[in-house]
Amino acid sequence: MGHVWADDHGHEDALLRKAQRALVAAALADEEEALAAVGPDGRRGELPDTRGLMLLLFGACSAMIASLGDGGARPVRVQVLDETGEEVPIDQADPPMRTAVRTLLAEVHGNTDAAADQVEIALANAAPDEVDSVVLAALHWTLRLAAECLDRDLPVPEWVEAVFTD
């Protein structure tokens with residue numbers, strides 16, 4: 001028997017298209033448009049799609065980090081930089097960035113439930129501008145990791161690679 005799609009397969013496709021629109025805008029350095037692709041200003045944290053989109057992006061980042069790290073054989077360093085470009089410890093970063101890093105690390109270590117919890121905490125407790133910061137971090141990291149993987153001829157999720165080829 002062939003693969004049976006879940007009832008929300010159409011929703012998954014719509015979420016992928018939304019993620020691609022946001023990635024294209026972020027790649028063009030249009031952060032306003034990238035955020036608008038995710039949802040209306042001030043309401044992104046309230047939308048179920050925002051949670052799904054962030055988990056989708058962090059999941060893609062995790063897969064690309066695994067490729068870059070040769071499946072865990074080589075470490076991949078995650079850094080948090082301040083406005084001046086100086087590295088800061090994760091626990092001293094702004095709350096939205098701490099959330100983004102913790103979500104990414106949970107995904108990298110295969111703990112998707114913890115990643116989902118981090119996203120849920122951010123969406124429930126963060127101010128709209130903090131939600132935007134986490135979304136933008138996920139978009140920028142996805143683009144940077146994809147570019148690095150493509151440069152090294154490593155696998156990139158098809159829906160992310162399409163952003164670079166379309």
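Hi everyone. Let me start with a term: a residue is buried under 20% relative accessible area, exposed over 50%, and partly exposed in between, using a 1.4 Å probe and protein chains only. By that rule Cys 61, at 0% relative accessibility, is buried, and Cys 149, also at 0%, is buried.

A quick word on the source. This is a predicted model, where local features need pLDDT of at least 70 and side-chain atom pairs count only at pLDDT 80 or more, while totals for chains, interfaces and linings use all residues. Residues are numbered from 1 along each chain as its sequence is written, and side-chain values use heavy atoms, leaving out hydrogens and water.

A disulfide here is a pair of cysteine sulfur atoms within 2.5 Å, and the count comes to zero disulfides.

Now to the salt bridges, meaning a side-chain nitrogen of Lys or Arg within 4 Å of a carboxyl oxygen of Asp or Glu. There are four of them in the structure. In one, Asp 49 meets Lys 18 at 3.1 Å, N to O. Asp 49 lies in helix H3 and Lys 18 in helix H1 (residues 9-27), so the pair ties together parts 31 residues apart in sequence. Helices and strands are DSSP runs numbered from the N terminus: H or I, at least four residues, for helices, and E, at least two, for strands. Lys 18 is buried, at 14%.

Glu 120 forms another salt bridge, with Arg 51, the closest N and O atoms being 2.6 Å apart. Because Glu 120 is in helix H5 (residues 112-125) and Arg 51 in helix H3, this pair ties together parts 69 residues apart in sequence. Both ends are partly exposed: Glu 120 at 38% and Arg 51 at 31%.

Let's move to helix H4, residues 95-108, where we find Thr 99. Thr 99 is buried, with 14% relative accessibility. Beyond its neighbours within four places in sequence, Thr 99 is in contact (heavy atoms within 4.5 Å) with Gln 118, Ala 122 and Val 134.

Arg 152 is partly exposed at 44%, and Glu 148 is partly exposed at 32%.
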